[in-house]
Amino acid sequence: MHTIGKLAQFAEVTTDTVRYYEKEGLLLSVKKTDAGYRLYDEDSVRRLRFIRQAQKSGFSLTEIRELLALKNSDAACCSDVRSVAIEKKLQLEHKIRALQVMSRALTELVTICDDESKPLDECPILAALETSMIKKMK
């Protein structure tokens, strides 16, 4: 059995993170000592590491909750988990494309600003952004 501090140390998170995951229902303490300290078993360590790795893979806490529910479901199978992973991958690819478009737009804005000494009312970046907004409103 591990205290919250040891559990956090094993998973390389803070104790506040462990408490937050408990509050969100992602993690449960196994029991408490007479003094009221939370105690966790090896399953808690594995679960916390699972949560952290899933986050690093881009899953939100809601999606992690779904994965954990699938993991604990007798009716679920690997294809169910695969579907969740495919959906997340598609979302990330869409987000990457959107970020690339934004990056190109910013590159264009930075390129048109060739004289940094201009006063703000002559700033080509601000003018381009303002013109863009006016065009969208028409």
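Analyst: A disulfide is a pair of cysteine sulfur atoms within 2.5 Å. By that rule the count here is zero. One caution: this is a predicted model, where local features need pLDDT of at least 70 and side-chain atom pairs count only at pLDDT 80 or more, while totals for chains, interfaces and linings use all residues. Residues are numbered from 1 along each chain as its sequence is written, and side-chain values use heavy atoms, with hydrogens and water left out.

User: Is Cys123 buried or exposed?

Analyst: Buried means under 20% relative accessible area, exposed over 50%, and partly exposed in between (1.4 Å probe, protein chains only). Cys123 is buried at 16%, whereas Cys77 is partly exposed at 41%.

User: And what does phi tell me?

Analyst: Most residues other than glycine have a negative phi. Glu12 is not a glycine, yet its phi is positive, about 60°. Glu12 is also exposed, with a relative accessible area of 69%.

User: Where does Glu12 sit?

Analyst: In the loop between H1 and H2. Helices (H or I, at least four residues) and strands (E, at least two) are DSSP runs, numbered from the N terminus.

User: Which residues of H3 are buried?

Analyst: Ser44, Val45, Leu48, Ile51 and Ala54. After H3 comes Gly58, with a positive phi near 100°.
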